[in-house]
Amino acid sequence: MPTTVPAYGGEAARRLASLADVTASDGALRRFLHGLPGVDAVGLDARAATLGTRSIKTSAKAYAIDLAISMVDLTTLEGADTPGKVRALGIKGVRPGDGAPPVAAICVYPDMVATARQAVAGSGVKVASVATAFPAGRVALPVKLADTRDAVAAGADEIDMVIDRGAFLSGRYMEVFEEIRAVKEACARPDGSGDAAHLKVIFETGELQTYDNVRRASWLAMLAGADFIKTSTGKVAVNATPPVTLLMLEAVRDFHATTGVQVGVKPAGGIRTTKDAVKYLVMVNETLGERWLSADWFRFGASSLLNDLLMQRQKLSTGRYSGPDYVTVD
């Protein structure tokens, strides 16, 4: 049966009261999502390209590099992951080197959460875990919820779930909404103590076909209780792109203007260079403002990005590039 109350509590639920009727039925949700303004694809591409040409001076670049490092979800999501690799990644995330700040989180599969938690203990670095049968998500809802609960029970601070793209593309919006809600509830601590794990909802934007679908998915996820909306799994041909990320930032801006609820954004996959990271930071600042320029509200899902940030950081401080042995091979 459709749920009528979005998955927010307390003050946030009161702020969202004006949108409660939107999720009262499948028809109401469909009308709302298809009533969102259509995306001007040419204008979106042009705006993203323009923001990508902005340059910043050396002092600002040094600040931007450290800020980007602090926003990295340092990730390993391979079938060959071992406890040793995860421990090494955790150590690197906590102490990247040469006074650089720690990363935001270490992102691993659920069975590696406990290992990652030990590696970052006491550091403030979060442990994020993909769940819901990442990356395809092609299992029954009870399995997805069990996957989520296992990760939370092992100590995950954040859960990165994938939506059912097949259901979304078939127009079964309420089904996707209810699934996000159910996963949100599964993020609660099993003993009822402490804060629930934050939920990042992955769209796999490279499979959503149109910009309009990305906008609809963004609003759908935020209505359902997402703490973050995330572009991609990093496991398909097309992952994060500047236009898609800009569109998601604009959706977050409009959602905040409507409800007062702040939601984070995480582009993931294909962001490998400092130049790319700085472009995204400029985009965040120009679209959402300084309030979103923190790891609480913006993340980079990446594995190799950190190495380039560290090498560019050394270049700014010493005037020369380091050799290939300066950073680890992830």
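1. Strand 3 (residues 126–130) and strand 4 (residues 158–162) run parallel and pair over three bridges. Two strands count as paired if DSSP finds at least two bridges between them. Strands (E, at least two residues) and helices (H or I, at least four residues) are DSSP runs, numbered from the N terminus.

2. A word on what you are looking at. This is a predicted model, in which local features need pLDDT of at least 70 and side-chain atom pairs count only at pLDDT 80 or more, while totals for chains, interfaces and linings use all residues. Residues are numbered from 1 along each chain as its sequence is written, and side-chain values use heavy atoms, leaving out hydrogens and water.

3. Eight strands form an open sheet with parallel pairing, in the order 7-6-5-4-3-2-1-8. At its edges lie strand 7 (264–266) and strand 8 (300–302), each pairing on one side only. From one strand to the next, the twist averages 25 degrees; the axes behind this angle are lines fitted to C-alpha atoms, for helices over the stretch in contact, with angles from 0 to 180 degrees between N-to-C directions.

4. Five bridges join strand 4 to strand 5 in the parallel sense, and Val162 stands opposite Ile202 in strand 5. Strand 5 also runs parallel to strand 6, with three bridges between them; there, Ile202 has Lys230 as its bridge partner. Four of the five residues of strand 5 are buried (under 20% relative accessible area; exposed is over 50%, partly exposed in between, with a 1.4 Å probe and protein chains only).

5. How many residues of helix 10 are buried? The count is 12 of 14, so helix 10 is largely enclosed by the rest of the structure. Among the buried ones are Trp219, Leu220 and Met222. They pack against several elements, including helix 9 (173–186), strand 5 (198–202) and helix 11 (242–259). Helix 10 (residues 211–224) reaches 20 Å from first to last C-alpha, close to the expected 20 Å (1.5 Å times one less than its number of residues).

6. Asp227 sits in the loop between helix 10 and strand 6, and it counts as buried because its relative accessibility is 19%. Leaving aside neighbours within four places in sequence, Asp227 is in contact (heavy atoms within 4.5 Å) with Lys184, Ala197, His198, Leu199, Val263 and Gly264.

7. Finally, the chain as a whole. There are 13 helices and eight strands. The radius of gyration is 19 Å, close to the 20 Å that the globule rule gives for 330 residues, so the chain is as compact as a globular protein of that length. That radius is taken over C-alpha atoms, and the rule is 2.2 Å times the number of residues to the power 0.38. Buried residues make up 53% of the chain. Among contacts with a separation of 6 or more, 74% join residues 24 or more positions apart.
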